[in-house]
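Let's take a walk through this structure together. Have the sequence and the 3D view ready, and we'll go from the overall build down to single side chains.

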Amino acid sequence: MDKAVKSANKEAEQIIEWGKSHGIETCFDRAEKLKPCPIGETGACCKVCHMGPCRLVGKNAEEEAKGVCGASLPTVASRNLLRMIAAGTAAHSDHARDMAFTLLAVANGETKDFKVTDVRKLYRVAGYLNIEFEGRPVNDVARDVATKFLEDFGRQKGAINYLKRAPKKTQERWEKWVIAPRAIDREVVEALHRTNIGVDHEPDHLLLHGLRTALADGWGGSMISTDITDILFGTPKPLKSEASFGIFKEDEVNLVVHGHEPTLAEIIVDVVSEPEMIDYAKSKGAKGINLGGMCCTANEVLMRHGIPTAGGFTNQELGIMTGLVDAISVDVQCIMPAIAELSKKFHTKVITTSEKAKMPGAVHIEYDEHRAREVAREIVKTAIDNFPNRKTRGSHITDKFPVIVGFSHEYIEYMQGGRWRASFRPLNDAIIAGRIRGVVGLAGCDNPRVPSTGLHRFLATELIKHDVLIVSTGCGSAACATAGYLTPEMALENAGPGLREVCEAIGIPPILHLGSCVDNTRILTIATAMAAEGGLSDEIGGMPAVGIAPEWMSEKAIAIGCYFAASGIPVIFGGESPVGASKEVTRIMTEVWFERFKGALHFEPDPEKILEMALDYIDKAREALKLKKYEPGKFGTEKVLMDMAARREIERVAKPHIGIY
Ligand code: SF4
Ligand code: MSK
């Protein structure tokens, strides 16, 4: 990895260089100019009251430094982490709340623009929630599902519904350590209460509530969001698309959807192919309308409709700098306010759409689920009207890469046995035999403080070389997509012999795109299914599986890392630890959590060490499970079992929108 470059993405680097020669500043330049405060960076600064901010620094800060109120460094650092978890959980879960309201509006007939698309998934979810579904009208079941989900936000006592989806042993650990969340809002509110001046001061106690809050995200908000999105818009199946800046077209109106919420974007996907809209675009001199995505809204429409992606978080300014984006419609989360200012240097219109998120310099066209199509048309029309203003003086890029995306856990199950024998048996067997050494969830943001996307690329190639199957989400997926890694050919060229054999037999890439950030919950579902299948661990903890977020930056990533850790998956984050100032907090998150939950949260800036740690965790888990010692190229003779239906299905992977499960 070339540490001198700002982005490992050649095309991104080209645009950054073009920007430099035209006096345009991006997050990469600002990251260079603005060094992080070393006290805040490591969690040693407290500003929860106005006697501070108190900076707990010095040689013996861990033992001796105290804030004005007497708070110690471990207290301050653990409070800071808990607040990050609460904020991350709030973001994912508020998104989920809106999804639940949309499902309720559909069930009540209050919106005509959405419907239940995947009835099978609705029934599956109803089953998880003990809701009767057989013989009942679909909308009645949908109403009960939405209502039960909404209870998960405001319940005062009891437990979040989906906790019982976890393996029994995993649930028992949560009960033993009293971290089973009661309700999403309750845990977030309690986190803010406990971290208020003068409340909870015991680091372990604060961090246990951190895990409880994070579980409210993983097995609550995020999982609810994933499931409702599948119900409303369809459970993803592999399909082919493209990634990188070359997705923009010179002769068409380019509209980008960016952020995290799929609802408005789903309707925009529909509206851009309305004949009246295409005619309108033609009347303005364009050949058509080209829709692209950015960040996680991109992941949502990419995996359901094959809408191409321009990439992840750090590509948002660069996309505008191609000079080809006529409008960028943003919803919530990970939207840099810099894009509004930057857009003034081009012709791009930045359109904010959420009642929760406005931006100085942007046009605001507010989304309302009751008139979704009308709003979507206004947005598409704004982009079309702006096409004649295109000055085409940006840094045009033509490179793009093919991608195969959209591996929902349901499809992964299906592809291992067809419709009637769907299971996780072949995957478990491949791990047992040592063909697949283990599984890594490669997730999280891309970050301008490192050669952006470079850590994802390095780890992706190294892990598959070592026969580790990768499941990826969020901007980690975008980093792999814009590198051309999300193809079955990647297995032939780069995977170790065992993983290659499995990928060839099933016809899958060695890096499976699972979706957006909230879809990290699909990894929890996969791990649960693997535990139920048998032959490996009987809980999530102890699986030869690791989570890695090498370039994380968002508080949401911290919440994700913590719900993985509490569920039993060791997690390694890149960069400096946000609690690195406290040895005690670091010890709790690694040794103590591992002892209690078999999960942990590490921070390690060196990507080579991240790789080493991940492989070590995997090998130790294999040893503890008494599995065959991993040796490259040496494994048993078991074959991946597939029926004819599954084989025929896989052969269609290269065609757009496949899948019959
Ligand atoms: Fe300082 Fe204590 Fe106030 Fe924090 S809570 S700012 S440590 S006085
Ligand atoms: S968008 S949270 S930069 S992954 Fe989900 Fe990407 Fe991180 Fe945002």
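Predicted model: local features only at pLDDT ≥ 70, side-chain atom pairs only at ≥ 80, totals over all residues.

Residues are numbered from 1 along each chain as its sequence is written, chains are lettered from A and ligands numbered from 1 in the order in which they are written, and side-chain values use heavy atoms, with hydrogens and water left out.

The protein chain has 27 helices and 15 strands (DSSP runs, H or I of at least four residues for helices and E of at least two for strands, numbered from the N terminus). Its C-alpha trace spans about 70 × 65 × 50 Å along the principal axes. Of its 661 residues, 64% count as buried, meaning under 20% relative accessible area, with exposed being over 50% and partly exposed in between (1.4 Å probe, protein chains only).

Now look at ligand 1. Among the residues around ligand 1 are Cys46, Cys49, Cys54, Cys69 and Arg79, where being near takes a heavy atom within 4 Å. By class, this shell has nine nonpolar, two polar and one charged residues (Ala, Val, Leu, Ile, Met, Phe, Trp, Tyr, Cys and Pro count as nonpolar, Asp, Glu, Lys and Arg as charged, and the others, Gly among them, as polar). Met51 is also in the shell, and sits in the loop between β1 (45-46) and β2 (54-55). Met51 counts as partly exposed because its relative accessibility is 47%.

Next come the salt bridges, and the structure holds 52 of them (a side-chain nitrogen of Lys or Arg within 4 Å of a carboxyl oxygen of Asp or Glu). Asp152 and Arg155 pair up at 2.8 Å, N to O. Asp152 is buried because its relative accessibility is 0%, and Arg155 counts as buried at 17%.

Another pair is Arg390 and Asp326, whose closest N and O atoms are 2.7 Å apart. Arg390 lies in the loop between α16 (372-386) and β9 (401-405) and Asp326 in the loop between α14 (316-320) and β6 (327-330), so this bridge ties together parts 64 residues apart in sequence. Arg390 is buried at 12% relative accessible area, and Asp326 is buried at 0%. Elsewhere, salt bridges that share partners join Lys121, Arg165, Asp227, Asp230, Glu300, Arg304, Glu410, Asp519 and Arg522 into one network.
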